[in-house]
Amino acid sequence: MKPVISISGLTKTYAGGFAALKKVDLEIQQGEIFALLGPNGAGKTTLINIVCGIVTPSSGTVVADGHDIVRDYRSARFKIGLVPQELTTDAFETVWATVTFSRGLFGRAPNPAHIEKVLRELSLWDKRKTRIMNLSGGMKRRVMIAKALSHEPEILFLDEPTAGVDVELRRDMWALVRRLREGGVTIILTTHYIDEAEEMADRIGIISKGELIVVEEKAKLMQKLGKRQLTLNLQEPMAALPPALADWPLALKANGNQLQYTFDAHAVAPGDKPQDIPSLLRRLGELQIGFKDLSTSQSSLEEIFVSLVTDRAEPASKGAA
Amino acid sequence: MSDVGFNRQGVWAIYRFEMARFVRTLLQSVVTPVITTSLYFVVFGSAIGSRMSRVGGVPYGAFIVPGLIMLSILTASISNASFGIYFPKFTGTIYELLSAPISFVEMILGYVGAAATKSISLGLIILATATAFVPVEIRHPFFMVAFLLLTTITFSLFGFVIGIWAKGFEQLQLIPMLVVTPLTFLGGAFYSIDMLPPRWRTVALFNPVVYLISGFRWSFYETADVGVGVSLAMTSGFLGLLLLVVGWMFKSGYRLKK
């Protein structure tokens with residue numbers, strides 16, 4: 001896959017001196033769904049707004065489908081659609097008028113058939129003659145998506161697209177995003193719902209305090225940074241861990257009734273001794289430690305995200321203290 | 001749209017959007033100024049005007065027609081264009097304009113073109129209304145149209161600058177109410193500046209609206225306070241200055257981009 005967006009050394013320092021982005025480098029591959037995660041104020045929206053032309057970068061370059069977003073802004077923006085975070089709509093216009101306006105604004109000739117298709121896909125067709133001020137919040141969110149899709153963009157930015165929407169709309173939007181991707185549209189989304197990124201994204205980027213700290217394929221990220229846990233329900237409670245099990249990072253839980261083993265995909269004990277589950281089970285057998293049943297679990301993307309962002313925040317707070 | 005070409009569709013979209021708003025608010029945009037101006041004709045033209053002598057050989061009621069049209073179109077041009085660009089800033093929909101493949105020149109063509117169209121329509125409606133109250137004669141229709149165009153475009157551009165500059169609705173009204181309306185009243189809408197004492201006549205020549213009204217009135221009755229060439233040059237100069245200001249605003253992102 002070739003990069004459809006190349007961001008290089010991008011920085012943004014606002015007039016008050018706040019550094020929203022610090023030398024960000026990122027490549028978005030054509031046709032992928034890329035989820036940009038980060039806490040509030042991390043720089044997600046600033047990054048999107050720079051690529052879309054709403055915020056002026058302090059330094060660095062952004063190339064969208066081969067077009068520099070500053071020098072060749074027309075060609076770059078023509079390819080891009082944006083659904084911003086805020087619900088900002090024209091209150092007095094009808095749904096049809098505002099979506100048609102967006103298509104024209106982006107230089108596309110009128111195409112009522114396409115507008116109809118977009119409105120039908122977003123369940124807005126019946127509301128096409130309704131003034132936007134009379135729509136619910138969820139419907140307004142759909143209108144904003146329809147506006148962004150009106151000019152048939154090849155790259156779509158969704159900034160918190162499901163914030164404040166109900167479960168049904170959320171599911172509809174996930175389905176729409178998948179359909180768009182199947183049609184060749186590259187999608188970059190920011191979200192606070194980590195499960196949304198886990199469900200949809202091909203790759204994940206985590207941004208914290210203006211710095212991109214991780215960019216990885218979702219599966220690899222979860223494999224590399226995710227923790228797995230094996231829990232054994234013991235037949236007899238244990239008072240303490242026997243020294244023969246010291247090679248494994250084990251913990252006794254539930255008053256000695258549970259033996260918990262936390263590990264990652266590449267865990268190797270000191271001295272290169274394997275820490276895999278079969279070895280542990282064999283050792284337990286040798287020690288005649290019986291168990292009634294066992295279960296395994298894997299940490300979610302949310303746990304990985306929290307762990308990464310907290311790890312970054314802690315040294316800074318310690319330094320400040 | 002070609003990769004680097006003129007965004008004709010974008011200009012047309014803005015123009016149509018703004019004109020749709022005009023149609024939606026006809027009562028406020030057309031009916032109100034027409035009624036207000038008609039009252040001026042009734043009071044100053046028919047009631048008081050009939051007791052006044054001719055000004056520059058023109059009956060007073062007819063003399064004030066160009067000035068009153070100017071007063072209406074200046075106010076309408078500024079308010080239409082300033083509201084047109086300020087409202088997206090206020091509601092947040094400006095994001096769409098800023099992220100669209102449209103240059104500032106094209107944006108101005110759309111907004112200022114629509115504002116000027118509305119003002120010209122209003123000016124022509126007021127002119128037609130005036131004929132019901134006072135005798136009106138247009139000796140130089142070409143120049144009348146030229147002044148109408150130049151004035152509406154210039155002041156729509158001025159309104160566009162105000163709309164970008166304004167941080168709130170109060171600021172949006174500040175310049176039209178406190179600057180433009182007084183300048184129009186003092187710019188010879190109801191009198192010839194030749195009627196002023198010499199010192200005040202000199203002061204009045206610093207008022208740009210004097211040149212607009214004088215030139216516009218000349219196209220009606222061939223009577224002017226200043227030469228028609230000077231009027232055209234001053235108005236064109238103001239237009240050029242505004243183009244420079246708008247160009248700088250867009251290039252720097254002044255109050256549009258962070």
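**Close-up views of a two-chain model**

**View 1. Strand β12 (residues 250–253) of chain A runs antiparallel to β13(A), and four bridges join them.** The model shown here is predicted. In β13(A), Leu250(A) has Tyr261(A) as its bridge partner. The two strands, β12(A) and β13(A), form a hairpin. Four residues lie between them. In the turn, Ala254(A) has a positive phi of about 50°.

**View 2. Strand β13 (residues 258–263) of chain A also pairs with strand β11 (residues 228–234) of chain A.** This pairing is antiparallel too, and it runs over six bridges. Look for Leu230(A), which stands opposite Tyr261(A) in β13(A).

**View 3. Four strands of chain A make an open sheet in the order β2-β1-β4-β5.** The pairing in this sheet is antiparallel. Which strands are at the edges? They are β2 (19–29) and β5 (67–68) of chain A, and each pairs on one side only. Strand β4 (residues 59–64) of chain A is joined to β5(A) by two bridges. Within that pair, Val63(A) has Asp68(A) in β5(A) as its bridge partner.

**View 4. Asp68(A) and Arg71(A) meet through their side chains in a salt bridge.** The N to O distance is 3.8 Å. Arg71(A) has 72%, so it counts as exposed. Side chains of opposite charge can pair when their charged atoms come close.

**View 5. A salt bridge links Glu106(B) with Arg74(A).** The closest N and O atoms are 2.5 Å apart. This pair crosses between chains. Glu106(B) sits in helix α5 (residues 104–130) of chain B, and Arg74(A) sits in helix α2 (residues 73–78) of chain A. Glu106(B) counts as buried because its relative accessibility is 2%. Arg74(A) counts as buried because its value is 12%.

**View 6. Arg103(A) and Glu152(A) form a salt bridge with an N to O distance of 2.7 Å.** Arg103(A) lies in helix α3 (residues 95–105) of chain A, while Glu152(A) lies in the loop between α5 (137–149) and β7 of chain A. The pair therefore ties together parts that are 49 residues apart in sequence. Arg103(A) is buried, with a relative accessible area of 5%. Glu152(A) is partly exposed, at 33%.

**View 7. Asp65(A), Lys79(A) and Glu154(A) are linked in a network of salt bridges.** How many salt bridges does the whole structure hold? A search over all chains finds 20.

**View 8. Strand β8 (residues 186–190) of chain A is mostly covered.** Five of its five residues are buried. Side chains in a regular strand alternate between the two faces of the sheet. Here both faces of β8(A) are covered. Thr186(A), Ile188(A) and Thr190(A) are buried on one side, and Ile187(A) and Leu189(A) are buried on the other.

**View 9. β8(A) pairs in the parallel sense with strand β3 (residues 33–37) of chain A and with strand β7 (residues 155–159) of chain A.** The pairing with β3(A) has four bridges. There, Phe34(A) stands opposite Ile188(A). The pairing with β7(A) has five bridges. There, Ile155(A) stands opposite Thr186(A). The chain passes from β7(A) through helix α6 (residues 167–182) of chain A to β8(A). This β-α-β crossover is right-handed.

**View 10. Chain B has ten helices and zero strands.** Its pattern along the sequence is α-α-α-α-α-α-α-α-α-α. The radius of gyration of chain B is 19 Å, close to the 18 Å that the globule rule gives for 258 residues, so chain B is as compact as a globular protein of that length. Its C-alpha atoms fill a box of roughly 60 × 35 × 35 Å along the principal axes. Of the 258 residues, 53% count as buried. Among contacts with a separation of 6 or more, 80% join residues 24 or more positions apart. The accessible surface of chain B is about 11,300 Å², and 71% of that belongs to carbon and sulfur atoms.

Methods
Residues numbered from 1 in each chain as written. Chains lettered and ligands numbered in written order. Predicted model: local features only at pLDDT ≥ 70, side-chain atom pairs only at ≥ 80, totals over all residues. Heavy atoms only, no water. Buried < 20%, exposed > 50% of the residue type's maximum accessible area, 1.4 Å probe, protein only. Pairing = 2+ DSSP bridges. Right-handed = clockwise from strand over helix to strand, strands pointing away. Rg over C-alpha atoms; globule rule 2.2 N^0.38 Å. Contact = heavy atoms within 4.5 Å. Areas by Shrake-Rupley, 256 points an atom, 1.4 Å probe, with all protein chains shown as cover. Salt bridge = Lys/Arg side-chain N within 4 Å of Asp/Glu carboxyl O.
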